[in-house]
Amino acid sequence: MKVIAFGASSSKSSINRKLATYAAGLLSDADVEILDLNDFEMPLFSEDKEKELGHPELAHAFLNKIGESEAIIISFAEHNGSYSAAYKNLFDWCSRINLKVFQNKPVVMLATSPGLGGAGRVLAAATTSAPYFDADLKGSLSIPSFYDNFDVEAGCLNDSVLSSQLVSVINSLT
Ligand SMILES: Cc1cc2nc3c(=O)[nH]c(=O)nc-3n(C[C@H](O)[C@H](O)[C@H](O)COP(=O)(O)O)c2cc1C
């Protein structure tokens, strides 16, 4: 199974990328590609920019990554209760080419933050809107208090309850 996974963040030390990478590693026999949103940086979307530039090649490239995949794992960073600017900008550009951004692919949506909220607000926004963007949403999970529950050195969750919840959500992709 061809899987793409990414943290919806442009931070070089993104905890959501760490979580998405760990989650993708739980799939056996998967061909996993970890995407970096920095490779899809585009001008700040506006309808004026769209008229001026058309649709950037990088937006097509990101949609093609989704189109070529058989499953998608996203872990959302929460910035002021919502998406990171990097993800929102990429998503806005992509949605102008194809509103069915997720192209009916099986998707697992995760989120984490250092706080107790575990980026639950952005995760709620993403899961609520998922059907509108043609995601076949298989499951979602928020991981609170990232640095308490994830061993950064080892690159894995160290809380057994969260760990089994994550395994169960990820297995829903198979
Ligand atoms: C501008 C900004 C706003 C933030 N707002 C929130 C927030 O609303 N909720 C939250 O849990 N964490 C918030 N944080 C902290 C992030 O959860 C934290 O930086 C986390 O590492 C982001 O995920 P990332 O490492 O994958 O980029 C915010 C951080 C920044 C820089």
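Start by selecting the ligand together with the shell around it, where 16 residues surround the ligand and the closest are S9, S14, N16, A77 and S113; a residue belongs to this shell if its C-beta atom, placed from the backbone, lies within 6 Å of the ligand. Coloured by residue class, the shell divides into four nonpolar residues, 11 polar and one charged, where Ala, Val, Leu, Ile, Met, Phe, Trp, Tyr, Cys and Pro count as nonpolar, Asp, Glu, Lys and Arg as charged, and the others, Gly among them, as polar.

Residue numbers start from 1 along each chain as its sequence is written. The model is predicted, with local features needing pLDDT of at least 70 and side-chain atom pairs counting only at pLDDT 80 or more, while totals for chains, interfaces and linings use all residues.

Next, show the whole protein chain as a cartoon, which displays seven helices and seven strands, these being DSSP runs (H or I of at least four residues for helices, E of at least two for strands) numbered from the N terminus. Along the sequence they follow the pattern β-α-β-α-α-β-α-β-α-β-α-β-β-α. The radius of gyration, taken over C-alpha atoms, is 15 Å, close to the 16 Å that the globule rule gives for 174 residues, so the protein chain is as compact as a globular protein of that length; the rule is 2.2 Å times the number of residues to the power 0.38.

Colouring by burial marks 39% of the 174 residues as buried, a label given when 20 or more other C-beta atoms lie within 10 Å of a residue's own, with exposed meaning 12 or fewer and partly exposed in between, all C-beta atoms being placed from the backbone.

Now select helix α4, residues 85-97, and pick out its buried residues, A86, Y87, N89, L90, W93 and C94. They cover an arc of only 165° around the axis, which puts them on the same side of α4; the arc is that of the directions from the helix axis to the C-beta atoms. Keep β1 (2-8) and α3 (57-68) in view, since the buried residues of α4 pack against both, with contact meaning C-beta atoms, placed from the backbone, within 7 Å.

Finally, move to helix α5, residues 120-129, where G120, V122, L123 and A126 are buried. Their arc is only 160° around the axis, which puts them on the same side of α5. What covers them includes β3 (71-76), β4 (106-112) and β5 (136-143), whereas the face turned away from the buried side carries the exposed residues T128 and S129.

Notes: Two residues are in contact if their C-beta atoms, placed from the backbone, lie within 7 Å.
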